[in-house]
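Work through the exercises below with the sequence and the structure at hand. Each task is followed by a solution in steps.

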Amino acid sequence: MNDHGWMAHALRLARRGLYTTDPNPRVGCVLVSGDQVVGEGWHARAGGPHAEIHALRAAGERARGATAYVTLEPCSHHGRTPPCADALLEAGVARVVAAMQDPNPLVAGQGLARLRAGGVEVASGVLQAQAEALNPGFVSRMRRGRPWLRCKLAMSLDGRTAMASGESRWITGEAARRDVQRLRARSSAILTGIGTVLADDPSLNVRLTADALYGVEPVRQPLRVVLDSQLQMPVDARMLRLAGHTLVLAASNDTAKREALARAGAEVVGVAGHDGHLDLEAVLALLAQREINEVLLESGPRLAGAMLAAGLIDELVVYMAPHVMGDSARGLFLLPGLEKMEDRIGLEWVDVRRVGEDVRMTLVRGGRRHEAIK
């Protein structure tokens, strides 16, 4: 097998950390001697051993003279764990092939440089696009200073998300709803607006067992984030009674409301706002500071439209059900000002597939296709 084949195997291993590694990237490693795998591993959880360490422990003395295929440049700094570059040097690995250079400024080529200085043959860029697609949020946070924002929508064949009355359960079938649970599970945070909370009282939690998520216990609950400029969040909201953490972002300085929400279990943080709305870029910057990699937007058409118009949505995942809801039902986005064909917001197809009785369509903003995982 060639470098590309072994790296593809390492990427399959890395994907096993899809639901658990936050805020760290998903990384896999394969140690090969001759044509034989002598050790392999993947990063399972922040604070635990990195993929390289798992592979080295499995290989033991067989690591000496072997080639290490790693989906991300080995780290060279002391974080929660010691540097993996040093561990590879100490094990006597002869060659290291990395899919991509680490975008983290604390590493940014230094791990490969340390290996090279230690006499190890180094190569990088093998299946780089696939490695970046596995970690769009980590890459986005390091390169752009904000998370990868994925917007989930469910609609009828005629593009409607709810009846005129607001009734929306259920547009899609059970298989699609279960697929959404996997989107939630891989996300660092789930973002919604106060309008959705007041209308639907959503849970915004992951309701899958560990068996459905590569078997890693316990199931990680993403951060729930509510944009609530005027602090209308009910203290008895369902999400405040569930496992996990809820963050309410507000522009209001109403001390009594803040204290009441804090007693109910919410964390309230102020964010800059204008004209009664929060600064959406400031919201994403704040989440990046909290090491949030991937954000799943589950909201009504107003917030979804504002995010899309601002160019902040990176990826759209749209579930389309085979029924028609009529022209009085509600649409996907509230987007005032689009009056001419030239005003259209362009998107690019990434993937289209059946999910049960429905169709799942994945699209990205123009120029971001290579960063979206299929």
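Axes here are lines fitted to C-alpha atoms, for helices over the stretch in contact, and angles run from 0 to 180 degrees between N-to-C directions. Helices (H or I, at least four residues) and strands (E, at least two) are DSSP runs, numbered from the N terminus. The model is predicted, so local features need pLDDT of at least 70 and side-chain atom pairs count only at pLDDT 80 or more, while totals for chains, interfaces and linings use all residues. Residues are numbered from 1 along each chain as its sequence is written, and side-chain values use heavy atoms, with hydrogens and water left out.

**Exercise 1.** Describe how α3 and α4 pack.

Step 1. The axes of α3 and α4 are 9 Å apart, and the angle is about 20 degrees.
Step 2. Angles under 35 degrees count as roughly parallel, over 145 as roughly antiparallel, 65 to 115 as roughly perpendicular and the rest as oblique. Therefore α3 and α4 are roughly parallel to each other.
Step 3. A crossing is left-handed if the near helix is turned anticlockwise from the far one by less than a right angle, and right-handed if clockwise. That of α3 and α4 is right-handed.
Step 4. Contact (heavy atoms within 4.5 Å) involves Ala85, Asp86, Leu88 and Leu89 on α3, and Gly111, Arg114 and Leu115 on α4.
Step 5. For classes, Ala, Val, Leu, Ile, Met, Phe, Trp, Tyr, Cys and Pro count as nonpolar, Asp, Glu, Lys and Arg as charged, and the others, Gly among them, as polar. The contact of α3 with α4 has four nonpolar, one polar and two charged residues.

**Exercise 2.** How many disulfides does the structure hold?

Step 1. A disulfide is a pair of cysteine sulfur atoms within 2.5 Å.
Step 2. The structure holds zero disulfides. For Cys29, the nearest cysteine sulfur is that of Cys84, 8.5 Å away.
Step 3. Buried means under 20% relative accessible area, exposed over 50%, and partly exposed in between (1.4 Å probe, protein chains only). Cys29 is buried, because its relative accessibility is 0%. Cys151, at 1%, is buried too.

**Exercise 3.** Is Thr362 buried or exposed?

Step 1. Thr362 sits in strand β18 (residues 358-365).
Step 2. Its relative accessible area is 5%, so Thr362 is buried.
Step 3. Among the residues that Thr362 touches, not counting those up to four places away in sequence, are Leu316, Val317, Trp349 and Val350.
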